[in-house]
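Work through the exercises below with the sequence and the 3D structure at hand. Try each task before reading its solution.

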Amino acid sequence: MPKPALRNVMTASCAAVCALALSLTAAPAQAATVPFDYTTLDYAALGDSYSAGSGVLPVDLTNLLCLRSTANYPHVIASRTGARLKDVTCGAAQTKDFTQAQYPGVAPQVNALDAGTDLVTLTIGGNDNGTFINAVTACAAAGVLSGGRGSPCKDSNGTSFDDQIDASTYPALKAALGSVRAKAPNARVAVLGYPWITPAVADPSCFAKLPVASGDVPYLRGIQTHLNAVVRRAAEETGSTYVDFSRASDGHDACKPVGTRWIEPLLFGNSVVPVHPNALGERRMADRAMDVLGLG
């Protein structure tokens, strides 16, 4: 048997080792229970009408030119996290409006940023070259004239929309995101893609709401796919986080019924701004962005 002195030393050593082991195993569990205080987060929202929630009520009365909603996805994110929001989103914004005034009295959007900005979210690029409005209106007009048959919009326009996206939108996106980085060097920047406007294949029952010929439905979706790919590329090349909606918004396009669709149709919808996210769409955009960013 160990002598009393030796036994005391062994007992003390065991107690010390056990205490150390308990402290090492307990520390991570204690740290994990400490919640992050999002109320200290300085959050700036930039972007176009998909960010502004144009057409979604209630309207932000502080700037009617921008047709901004107080229920847009930035406000949803801020309300859920308690982050301090500075919302300068503006309907019809293009990448150039990040660094120049969009309207008299509407400052360049990057003016909302500084070295203390912690988080930036934005959706931008769809208005450059008039990509969305020109493609949708051209294909809708062609669809009406063709009675919904064939692919008259694709036949007339070919790769013109895609060519403009590559030649003009992509470099403009990189420049705009570069200006964000320069003004907010310490911020995490999240660039949201655009949720699906059209289904993957034509839905004949949707023609009255979205009068696009059957062969042009995948053509329009292909243009949006290309735009989102360019947005993603520009985001990744500027160190930003891309928020992808290709899976999340599938089955929630403008042809789906109320309560399922995130995007309102061109005709007979429930918004004064067609082919834009509704309130549900803005909430789901917030959900997806928060999930990707790890907020909440």
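**Exercise 1.** Which residues make a nonpolar surface patch of about 510 Å²?

Before the solution, two notes. The model is predicted, so local features need pLDDT of at least 70 and side-chain atom pairs count only at pLDDT 80 or more, while totals for chains, interfaces and linings use all residues. Residues are numbered from 1 along each chain as its sequence is written, and side-chain values use heavy atoms, with hydrogens and water left out.

*Solution.* Step 1: the rule for a patch is that its residues have over 30% relative accessible area and no salt bridge, with nonpolar side chains (Val, Leu, Ile, Met, Phe, Trp, Tyr) joined within 5 Å and like charges within 9 Å. A salt bridge is a side-chain nitrogen of Lys or Arg within 4 Å of a carboxyl oxygen of Asp or Glu. Areas come from the Shrake-Rupley method with a 1.4 Å probe, and for residues only the protein chains shown count as cover. Step 2: the patch is made by Leu-57, Val-59, Leu-61, Leu-64 and Leu-67.

**Exercise 2.** Find the aromatic pairs that involve Tyr-194, and describe them.

*Solution.* Step 1: a pair of aromatic rings is described by the distance of the centres and the angle of the planes. Rings of Phe, Tyr and Trp (its six-membered ring) pair if their centres lie within 6.5 Å; planes under 30 degrees apart are stacked, over 60 edge-to-face, and the rest tilted.

Step 1: the whole structure holds three aromatic pairs. In one of them, Tyr-50 and Tyr-194 are 5.1 Å apart centre to centre with 80 degrees between the planes, which is edge-to-face. Tyr-50 is in helix 2 and Tyr-194 in the loop between strand 4 (188-192) and helix 7 (217-237), so this pair ties together parts 144 residues apart in sequence. Helices (H or I, at least four residues) and strands (E, at least two) are DSSP runs, numbered from the N terminus.

Step 2: Phe-132 and Tyr-194 have ring centres 4.9 Å apart and planes at 85 degrees, so they too are edge-to-face. Phe-132 belongs to helix 4 (residues 131-146), 62 residues from Tyr-194.

Step 3: Tyr-50, Phe-132 and Tyr-194 form one aromatic cluster.
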